[in-house]
Each structure stands twice: as structure tokens, then as C-alpha cells.
Amino acid sequence: AEAQNSRNNAEKLVSFLIEDFYAELAPTGRLETLGKLAQKTVGYYDSLPPQQVTAQTQINRAMALVREGAALNAVGKIDEGSKNLTDAQAVFEKLHAGGDHSEAVVYGLALALHEQGKTVIRGGRGSAAQLQQAADLLKPLVYGPSPSQRVRQLYGDDLNYLSHTQSTAQGVETCEEARKVLAGIGALDLSDLNATSSYADTADSEARNLVALGKLDAAQKL
């Protein structure tokens, strides 16, 4: 019982490091530190005996793989980053197909797809289909009862990237939706600076589409 209690406390700490602490550190651009943190987390889970691997352990490890994959991609280690992301996606897909539709699994799967898909706008390996799949997974949570901050933030970010793969008119509509979601989590009153940053970037994306449509006054307002 003492050993199990110690492990539970350890996993809570690891979960904090890979989620809350990671989110706090991400805007600073400390990619090397983030990558090491995620790598150590994956190593911790890989060291557990098979009989101690639970569904929650699989979720936590897959999330650490996503974080490590994103950090690797950001520093140009595309092959390694892609492997981590596809491995994580496979874990989340298996859990989801097995009936686990919890926020942790849906968010994890959507994040893995988003991190892969967003590279499409810079000629990377990602695809618009991955961005759309991520949006489709998140949308029921976003418009359901009591959506979490992280779900709405990811949905807004994903729609912004998705808009770059759409026609100009559809891109405007997608950005409009993204801005509304981000405004709902503190983008405009600056209570959440991540949301504010995403909102400004999305407004820029929408403005470019409006210029292309000849709607200059609306673009200038944004």
C-alpha cells in the first residue's frame, strides 16, 4: 500500500511536469529544456514493470511522447519528432477505439494530430486532414458542458492552422469561430495571454483572407 501510494504521488508530480509546468514553460521558447523534460517523463513510464502499466499510465506516457515530439520538431529533428507523434497517436487511437472517450484521451489524440498537421502550412509532412480530424474530435467537447481551458485553447489554435488550408471565404468563417472560442477563455481581457496571443495570430490570418476577398474595411478593423 505504501509503495502504491508513493507511485501515485510520483505520477501526480510527473503529470504536473508534463502538463501544467510544460504549459507555463512553453511560451518562453526553452525548447531544449522542454524536450529533456518530456524525454525524462517517457523514460520514467518505460521503466515501469508491465504489470504496473494502467490505462492512465498509457495516457500519461503518450502525452509525454506528444510533448517530446513537438519539441523535437521545433528544433528541426523531424524524423525523431514524427516517430514520437505517430507512436502517441497510435496509443490514443487504441484507447479511443476501445471505448475511452474521456477528455484526456480525446485531447491527447487531437493534440498528436494537431502537432503533425500544423506543419502543412510550411510544406512539412502534415496534412489538412489531420487538422480537420483534430477539430472534429475537439468540437463536441468545446460546445459541451463545462469545456476545459486546454480543450478550447487547442481548438482555437487548430482552427487557425486549418484556415490556411481552406478557401478564403471558408477560412474567414473558421477564423471567426476560433476568435469567439478564444475570446471566451480570456483572450480580450488579457486574463490568459496564451489565448490573447492565439487570438491576435488568428485575427491576422482572417484579415489576410478578407483582403483577398476585397473586404478591406473589415480587414483593417481586425
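Me: Where is the place of Ser-146?

Reply: This is a predicted model. In it, Ser-146 sits in the loop that lies between α6 and α7.

Me: What is the phi of Ser-146?

Reply: Ser-146 is not a glycine, and yet its phi is positive, at about 50°. A second residue to look at is Leu-190, in the loop between α8 and α9 (193-212). Leu-190 is not a glycine either, and it has a positive phi of about 65°.

Me: Is Thr-57 buried or exposed?

Reply: Here the other cut-off is needed, since buried means under 20%. Thr-57 has a relative accessibility of 2%, so it counts as buried. Thr-57 belongs to helix α3. If residues up to four places away in sequence are not counted, Thr-57 touches Arg-7, Glu-11, Tyr-45, Leu-48 and Gln-52.

Me: How should I read the packing of two helices?

Reply: Two packed helices are described by the angle between their axes and by the distance between those axes. In this structure, α1 and α3 pack at an angle of about 30°, and their axes are 11 Å apart. Angles under 35 degrees count as roughly parallel, and α1 and α3 are therefore roughly parallel to each other. The crossing in which α1 passes α3 is left-handed.

Me: Which residues of α1 and α3 meet?

Reply: From α1 come Arg-7, Glu-11, Ile-18, Glu-19 and Tyr-22, and they meet Thr-57, Asn-60, Met-63, Ala-64, Arg-67 and Ala-71 of α3. Sorted by class, this contact has five nonpolar, two polar and four charged residues. Thr-57, the buried residue discussed above, is thus one of those on the α3 side.

Me: At what angle do α7 and α8 pack?

Reply: The angle between α7 and α8 is about 160°, with their axes 9 Å apart. Since angles over 145 degrees count as roughly antiparallel, α7 is roughly antiparallel to α8. The crossing of α7 past α8 is left-handed. On the α7 side the contact is made by Arg-152, Gln-153, Tyr-155, Gly-156, Leu-159 and Ser-163, and on the α8 side by Gly-171, Thr-174, Cys-175, Glu-177, Ala-178, Val-181 and Leu-182. By class, there are six nonpolar, five polar and two charged residues.

Me: How many residues has the largest nonpolar core?

Reply: In soluble globular proteins, nonpolar side chains tend to be buried together. In this model the largest nonpolar core has 40 residues, and Val-66, Phe-92 and Tyr-155 are those with the most contacts inside it. The elements that give two or more residues to this core include α1 (2-25), α3 (55-74), α7 (149-163) and α8 (168-183). The largest share, eight residues, comes from α5. Another core, of five residues, lies apart from this one, and among its members are Leu-182, Ala-187, Ala-195 and Tyr-199.

Me: Which residues is Phe-92 in contact with, leaving aside its neighbours within four places in sequence?

Reply: Phe-92 is in contact with Ile-59, Ala-62, Met-63, Val-66, Ala-104, Val-105, Gly-108 and Leu-109. Among these, Met-63 also takes part in the meeting of α3 with α1.

Terms used: Residues numbered from 1 in each chain as written. Predicted model: local features only at pLDDT ≥ 70, side-chain atom pairs only at ≥ 80, totals over all residues. Heavy atoms only, no water. Core = buried A, V, L, I, M, F, W, Y, C linked by side-chain atoms within 4.5 Å. Buried < 20%, exposed > 50% of the residue type's maximum accessible area, 1.4 Å probe, protein only. Helix = DSSP H or I, 4+ residues; strand = E, 2+ residues; numbered from the N terminus. Contact = heavy atoms within 4.5 Å. Axes fitted to C-alpha atoms, helices over the stretch in contact; angles between N-to-C directions. Parallel < 35°, antiparallel > 145°, perpendicular 65-115°, else oblique. Left-handed = near helix turned anticlockwise from the far one by under 90°. Nonpolar A, V, L, I, M, F, W, Y, C, P; charged D, E, K, R; others polar.
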